[in-house]
Amino acid sequence: MNSGGSESGDGPRSTPLLTGQPRPAPTGHVFPALTGRDEQTRIIEAALDGVTGTAVPRACVPAPVPPVGTSVVLRGEPGTGRTALLAVAESMARHKGLRVLRMAGSEAESELPYAALHQVLWPLLGEAAPGLLTASQRAVLERALGVRGGQSPRWGAVAEAVHCLVADAAAVRPLVLLLDDLQWADAASAAVFGRLVRRPAPLPVVVIGATRTVTAPAHTTEAGGPEPYGVRADDTLWDRTVRLGPLDEACSEALLRRLHPWLPDLARRWVLRTAGGNPLALHELPPRLRAAAQDHPAFLVDPEEAELLQFHDELPLGDRLGGLYAPRLRMLSDEARRLLLVIALAGRSARRVSFLRGVAAHESVAGARAAAVWNEVAGSGLARADEARDAVVLHHPLVRGGLVHLASPAQRRTAHRVLADALPAGSRPHLMHRAAATIGTDDELAALLAREAQDMAAGGSDAEAAGVMARAASLSSQATDRATRLVSGALMAARGGRVRLAAELRTRAESEARPATPGPPPSYAFVVAYTRLLLDGDPVPAAELLPAAMDLLASPAGRTYRAGLLGPSLLLLMIVAVHTADERAWAAVERHAPGVSEEAALCLRAWTGREATAHGDGLFGPQARPTAHGVAPRESAASWLLLWTAAAVDQVGEYGATVKPLVRRSAFSAPAFVDGLRAHDHFLHGRWDEALEESRRGARESAAYGYAFHETLFALHEAQVLAARGDRDALAAREAVFAPRAREQRLRAVAERWDWLRVQCALAHGRVDEAWHHAAVLVPGGTLARRTPWLHLSLVDWTQAAVGSGRGTLARRQLRAVRAAGIAHRSPHHSFLVTVAEALAADDEEREARYAAVYAHGGADRWPFPLARARLAHGRRLRQLGPHGLAASHLRAALTAFTGLGATPWATQAARELEGLDPEGLTSEGREGVSRGNGPQSSLTAQELRIAGLAAEGLSNRQIGDRLGLSPRTIGAYLYKLFPKLGITTRAALARALDEISRHG
């Protein structure tokens, strides 16, 4: 018998469902909280207050409130949180100074007399005062608990002895008995517990039981006649019954987002639908889904639109969730279980009363007993017939998953065969059930399935079609057919975002075709290029295979595959070309892009700068902007090309409306690609905390999923922020890992960006010579490289390093070449960066006009970092020329911007320049910028003071935002305004500044 852990020790057993916001007690102690279970928690707390005398405030009565014992039973379906509520009860009881004894019923011990009672009483037996129990009572208890040999005693005698023992212990310290899984308590123990439940009031004892909402059949005990099963089935025996239903939609959504914030939208909808408000399922389904396959169709297919998961891609419930309804199923006849399995596998469209009544008469299901079996199923509560709607409704979504999980492969095949025989021949459901029922090969069925998969893919259901085509390959008897269908399935999987499945099917195809190469060649080339790039970070297969594949696709011989492959192949090759600068890739892109589509031609111009125009929107004008509406599955290649065009001209943030349709039917690979573009866009627009958060999360998830290419790019996006903030140690740590990896992966443009970030970090700390040492290597002789897609991002750094090291003439010559190359015309951001660089390099004669052009540039405030650097350089030069009010103005603006961005070394440079000014020789405007001022508290609002105080305590922007209900970005904006008011440049100085305010307040 299980005698361990019956009395509370260090704390309640851990439970994954304790995920609500912690609930403070009146004394400040924090209790765990359960989402959607506030009312049930209050009932439990009230019961505990009854034995601690705190149910009524003591000031309201002349004497302490006498303790009043009570009993509460928690009834609910499996997984609804009964055990979690008992954990909350235990935490509360321990805090209130109550003694806790607990029991957990076990199905394995349910036939062993007094096994459950043993768990509760064992700690008390040795504490009984001398003479408390008569000799016969002690003998009865010792025989019941197995301490003394002899026949198991009758439960009535045991109950009397237990009552004495409990009353004695409760007189010393109020008791709380927590009886979990009462449905598995042995009959004798249940009878004794029933006596305690009926007699708690005179004693300071609270009995809280938890049991499933299942009425078990009454049976007799070995120890004394009929067992009063009411402790588990009869609510009238308990003082209070608490029923735990499923969580409502809002609570389910809140719990799921709190537990698994990483879950994509479609997968979240699948989990919510499958869990049906069951807290245990909401906790356990997502990690099982993630572990089973990142590109499982549940991540890709709308649950309202798909029925095919049941055939090839079951949601992985695991033994715990899959067995929730096993006890009920074991109580049914074999025929009833077979009928329920057929109902579960039928799918929504076939789950009709009229249809399934006929299926029940099939000899493989119930045969002549069909009517009786139908009634048995209805009586089980696991399914019901809605005659008005002609629908059979399962009791809970997990019933279906449990039935499939518990059935053997042979039982599932039989059920599929029954359904295939009953459905119209040739229909999609008929084919799917027939395929699921077939063992071995069947070329006729394989051909039918292959055509069905092609039709599904043509309708945009690539994610589901991949599984169907893979099944068609398995049913094919010829190796060549298997290889061809596996390649087709891999292509569908790749287009549908199932990269892992695509790689798996590609490998199987290669094995089937060996020693030859599997075909069709364009499909195979795309699958190899796509999977190797994303999973291995290897762009070489794309550069080697896709140019020839695109030549074939563009020829008459490739007409069959052109529609579904030419656009995706071009996009993939263009991404590889940008990141690698591989001339083979660029040559193929330049050869084919103009003839693929207008979007492809525009994308090529954006990345190469050819035929750039000078209109205000840059090359990517309003007429080319993608929309969020009407993006059909077969239009997705064009939409991705437009998004990649937006990335070329640094306007991803302006086209967020296109993102949702693009990633809706894609697994991690597509959202990760978009998230990487967003992280970069956050950085460009000064949202550095968001950029860091997005980048670090993306890098973690990419590493977990095994997407090497995305992990490399997310690391680079993170490094941009680290370099701009001058975080040398963090940058060096990331560079040591990812810069060599980028070189090994032949991602030349990515590797060069790492080198440029080293330049920028050196500039942040004023190390101009060190910066030029690195920059000179990257641009030897000041010559522009032909394939440098991110040249504009390094232009300000190169110019500052050149000018700061005495190479102003070289910088101006380089910038004239940049201007002549049309780089400034590619986008507003390109134009602004070129304008800033020209101001930094300007000679004395042109300097003021050049800086005026920077400040007058349309939308300059959208890019706060380069704007602040321009103001710092301008203010520094004005200060060097002598006292000048505008110097203080520019330096103060730079200081404010750098402080808000968290760019501490840059802020330090601005602060030093301000300190170098002579306050006596300044204009009033300049003096205001330099002076620390008196009484800064007079200009601070209450909210600003609150935020400053929290920041001084060391809280991050996100933590402050969580406290005040604001976003991290809003907190950053407040601090952006706060620092100049307080006359400080770093968060570390906040505490001192606030102390000064306090002393002068």
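The model is predicted, so local features need pLDDT of at least 70 and side-chain atom pairs pLDDT 80 or more, while totals for chains, interfaces and linings use all residues. Residues are numbered from 1 along each chain as its sequence is written, and side-chain values use heavy atoms, leaving out hydrogens and water.

Let's begin with charges. The whole structure holds 49 salt bridges, each being a side-chain nitrogen of Lys or Arg within 4 Å of a carboxyl oxygen of Asp or Glu.

Take glutamate 160 and arginine 195, whose side chains pair at 3.0 Å, N to O. Glutamate 160 sits in helix α5 (residues 155-172) and arginine 195 in helix α6 (residues 187-198), 35 residues apart; helices here are DSSP runs of H or I, at least four residues, numbered from the N terminus. Arginine 195 is buried at 17% relative accessible area, whereas glutamate 160 is partly exposed at 35%. Buried means under 20%, exposed over 50%, and partly exposed in between, with a 1.4 Å probe and protein chains only.

Next, arginine 741 and glutamate 711 form a salt bridge at 3.1 Å, N to O. Arginine 741 belongs to helix α34 (residues 728-744) and glutamate 711 to helix α33 (residues 708-724), so this pair ties together parts 30 residues apart in sequence. Salt bridges with shared partners also join Glu735, Arg743, Asp755 and Arg758 into one network.

And which residues make the contact between α35 and α43? Gln760, Leu763 and Ala764 come from α35, and Pro905, Trp906 and Gln909 from α43, with contact meaning heavy atoms within 4.5 Å.

Notes: Helix = DSSP H or I, 4+ residues; strand = E, 2+ residues; numbered from the N terminus.
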